[in-house]
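Welcome! Here is a short tour for anyone meeting this structure for the first time. Take a moment to look it over before reading on.

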Amino acid sequence: GWRSVKYWKGRRDNGGRGRTWWQSRLMVGRRVLNGLGGIIFGFYFLWGFNYLRQPIADQLNLTLTAPDLIDLCESTERIAREAAQLRRAIPGLSDADTLAGQYLPDNQNQLIQDAYQRAAQVTRLPDLNRHVTARLIRPGGWMLRLNIAGIYNPFVGEGHVSTALFPTQIPFTMAHEMAHGMGYGDEGTCNFLGALACYLAEDPVIRYSG
């Protein structure tokens, strides 16, 4: 910082060469960009270690097996029945209605955070107790153009979710991005934790989304 101030004032460096007004300011700009680049590189390098953490299946002592066609069909039928029951539990929504944005709770963030508190008790994973929020981005169509529904920005500590998604996708996507903020890098792990949090939520719309 002190060297940048010296260049900004146009003083001579140790070599004795003078610098013009523009040279001094270009030198300051280069030093600022170098510093920011170092911070960004260091942060992402350290953030990458989240992808090397112990797999969630090992943490929860789960035995994973490859499902066959019968397992997939049975799971699909079971989930379809549960989804139909949850949809009927949404107040004011009839079978003929489309689940539009007005059915989404205003306090989605808090409800999902509360659900993660329950998930922390069920799984005994202390990371799920972290306070992470997710913000809805308007307009959100540009995110879908990039083939992403949401993204977690570690520099601000928030998840960002596109409002261009169908309403039933938004709560689960918020929960998914929150899982990233709790230190989980793997996409499959965040899908699992996001679905678990939605399943444990009090609001039927959030449970239906999961």
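Which side chains meet in a salt bridge at 3.0 Å, N to O? They are those of E158 and R135. Keep in mind that this is a predicted model.

- E158 is buried, with a relative accessible area of 17%, whereas R135 is partly exposed at 43%.

**The sheet**
- Three strands make up an open sheet with mixed pairing, and their order is β1-β3-β2.
- The edges are taken by β1 (133-137) and β2 (150-153); each has a single partner strand, so one side of each has no neighbour in the sheet.
- On average, neighbouring strands here are turned by 25 degrees against each other, direction ignored.
- Strands of a sheet pair through backbone hydrogen bonds, in either a parallel or an antiparallel sense.
- In this model, β2 and β3 (residues 158-162) pair in the antiparallel sense, over four bridges.
- If you want to find a spot in β3, look for H160, which has I151 standing opposite.
- Helix α7 (residues 170-181) lies across β1, β2 and β3, and runs at about 155 degrees to β3.

**Other salt bridges**
- The structure has five salt bridges.
- One of them joins the side chains of E82 and R78, at 3.4 Å from N to O.
- E82 and R78 are four residues apart in helix α4 (residues 69-88), so about one helical turn separates them.
- Another salt bridge links D127 with R130, whose closest N and O atoms are 3.3 Å apart.
- D127 counts as buried, at 15% relative accessibility, while R130 is partly exposed at 41%.
- D127 and R130 are also part of a salt-bridge network together with R53.

- V32, L33, L36, I39, I40, F43, Y44, F155 and V156 make a nonpolar surface patch of about 850 Å².
- Within this group, F43 sits in helix α2 (residues 21-47).
- F43 is partly exposed, and its relative accessible area is 30%.

Terms used: Residues are numbered from 1 along each chain as its sequence is written. This is a predicted model: local features need pLDDT of at least 70, side-chain atom pairs count only at pLDDT 80 or more; totals for chains, interfaces and linings use all residues. Side-chain values use heavy atoms; hydrogens and water are left out. Patches are made of residues with over 30% relative accessible area and no salt bridge: like charges are joined within 9 Å, nonpolar side chains (Val, Leu, Ile, Met, Phe, Trp, Tyr) within 5 Å. Accessible areas come from the Shrake-Rupley method with a 1.4 Å probe; for residues, only the protein chains shown count as cover. A salt bridge is a side-chain nitrogen of Lys or Arg within 4 Å of a carboxyl oxygen of Asp or Glu. Helices (H or I, at least four residues) and strands (E, at least two) are DSSP runs, numbered from the N terminus. Buried means under 20% relative accessible area, exposed over 50%, partly exposed in between (1.4 Å probe, protein chains only). Two strands pair if DSSP finds at least two bridges between them. Axes are lines fitted to C-alpha atoms, for helices over the stretch in contact, and angles run from 0 to 180 degrees between N-to-C directions. Contact means heavy atoms within 4.5 Å.
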